Amino acid sequence: MATMSMELEEIGTVFRQWTRSHLLDLEGLSREELVLILDTAARFKNLTGGCRHKISALQGRTVANLFFENSTRTRTSFSLAARRLGADTVEFSAGGSSLSKGETFIDTGKNIEAMNVDVVVVRHQTPGTPHLLAQKLDCAVVNAGDGPHEHPTQGLLDMLTIREHRGEFAGLTVALVGDIAHSRTARSNIWGLKKLGAHVIVCGPSTLVSRRWEELGVEVAYSLDDILPRVDVLNLLRIQFERQYTRPFPSVREYALLYAMNGERMRRAKEDILIMAPGPINRGVEVTPDVADGSHSVILDQVKNGLAVRMAVLWLVVGHLEG
Ligand code: CP
């Protein structure tokens, strides 16, 4: 126990380097801030036996999950992260709430905050919603995914997973494959990975991958088979049909033929390629089951690291409130 408090005290010195009340996106973070979050997550992971044990770092604090879109991983992970830190949690879902009676999004946020909530974690289908909430509320706001804009903690957990397996980002080629146009995970990965020094390729059908991505300093590719031999990390993104007004390709079968990571493509990939996916995965569309569950897959490591990253983020934003 004495060791744990000493360790917590030592981690506490990072508050002096963290200056933000909110985590809204990775676009606005510096390289140093990204590394600080990843280092803090790694230390929480060590300190709690892989995020298994509870500590009292946020005892007396309350974290509210405001989810206006469905979620399995992110909601559960934020909720568990808060509880592992000793905080209380409040779960809000749009369905069954007073939004149906005409209450506005901002009023909903203000009413939740009025119950002495310290952090609001928000997922919403509209880009910029967490930024708006951060302007209107006094508590800390964390973006858990705003439409196709950003999903900062997903980007961070992806980067923590890559760092654990590869150590350095410099010299690594990371390919994001699939529905780049509608992917908040792609945007957060691009901002983060570029700052950390990785080479990033975005790859998919031309209806989902614009040449304009090159303006962010990433390589644009349309053939997975062409780029595969030089890829170190392959992050397979889901086709987000729910965000599309027209079908971006003739059939799912054709998409899978060109872009699904399967056993045959694995034989042409680098021997130590890392297979990642933010989830939910559609087996047989972006990845086949043998690859998703195979020895190169770190998909469930990503989920585990989500807990560590979210512990770090909650702790940092609350620590800033205290400071
Ligand atoms: N990766 C991700 O955000 O998953 P959920 O939609 O299940 O939270």
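This is a predicted model: local features need pLDDT of at least 70, side-chain atom pairs count only at pLDDT 80 or more; totals for chains, interfaces and linings use all residues.
Val142 is buried, at 0% relative accessibility. Val142 sits in strand 4, which covers residues 140–146. What does Val142 touch, leaving aside residues up to four places away in sequence? The contacts are Leu23, Phe78, Val119, Val120, Val121, Val122, Val313 and Val317. There is also a distance to note: the C-alpha atoms of Val142 and Asn65 are 9.5 Å apart, while 77 residues separate the two along the chain.

Four strands form an open sheet in the order 2-1-3-4, and the pairing is parallel. Which strands stand at the edges? They are strand 2, residues 88–93, and strand 4; each has a single partner strand, so one side of each has no neighbour in the sheet. On average, neighbouring strands here are turned by 15 degrees against each other, ignoring direction. Strand 1 and strand 3 are joined by five bridges in the parallel sense. As for individual residues, Leu66 has Val122 in strand 3 as its bridge partner. Val122 is also one of the residues that Val142 touches.

Helix 5, residues 129–136, lies across strand 1, strand 3 and strand 4. Against strand 4, helix 5 runs at about 165 degrees.

Next, a pair of helices. The axes of helix 2 and helix 6, the latter at residues 152–166, come within 10 Å and cross at roughly 70 degrees. The two helices are therefore roughly perpendicular to each other. On the helix 2 side, the residues that meet helix 6 are Leu34, Val35, Ile37, Leu38, Asp39, Ala41, Ala42 and Lys45. Helix 6 contributes Leu156, Met159, Leu160, Arg163 and Glu164. Sorted by class, this contact has nine nonpolar residues, four charged and no polar ones.

On to the aromatic rings. How many aromatic pairs does a search of the whole structure find? It finds four. I will take two. In one, the ring centres of Phe68 and Phe92 are 5.4 Å apart and the planes are at 50 degrees, so the pair is tilted. Phe68 is in the loop between strand 1 and helix 3, and Phe92 is in strand 2, 24 residues away. Phe68 counts as buried at 13% relative accessibility, and Phe92 counts as buried at 11%. In the other, Phe68 and Phe105 have ring centres 5.2 Å apart and planes at 70 degrees, so this pair is edge-to-face. Phe105 belongs to helix 4, 37 residues from Phe68. Phe105 is buried as well, with a relative accessible area of 14%. These ring pairs link Phe68, Phe92 and Phe105 into a cluster.

Last, some backbone details. Most residues other than glycine have a negative phi, and most peptide bonds are trans. Cys51 has a positive phi, near 65 degrees. Cys51 is in the loop between helix 2 and strand 1. Asn116 also has a positive phi, about 60 degrees, though it is not a glycine. Asn116 is in the loop between helix 4 and strand 3. Are these residues buried or exposed? Cys51 is buried, at 2% relative accessibility, whereas Asn116 is exposed, at 65%.

The peptide bond from Gly279 to Pro280 is cis, with omega near -5 degrees. Pro280 lies in the loop between strand 9, at 274–276, and helix 11, at 289–292.

Key. Residues are numbered from 1 along each chain as its sequence is written. Side-chain values use heavy atoms; hydrogens and water are left out. Buried means under 20% relative accessible area, exposed over 50%, partly exposed in between (1.4 Å probe, protein chains only). Contact means heavy atoms within 4.5 Å. Axes are lines fitted to C-alpha atoms, for helices over the stretch in contact, and angles run from 0 to 180 degrees between N-to-C directions. Angles under 35 degrees count as roughly parallel, over 145 as roughly antiparallel, 65 to 115 as roughly perpendicular and the rest as oblique. Ala, Val, Leu, Ile, Met, Phe, Trp, Tyr, Cys and Pro count as nonpolar, Asp, Glu, Lys and Arg as charged, and the others, Gly among them, as polar. Two strands pair if DSSP finds at least two bridges between them. Rings of Phe, Tyr and Trp (its six-membered ring) pair if their centres lie within 6.5 Å; planes under 30 degrees apart count as stacked, over 60 as edge-to-face and the rest as tilted.
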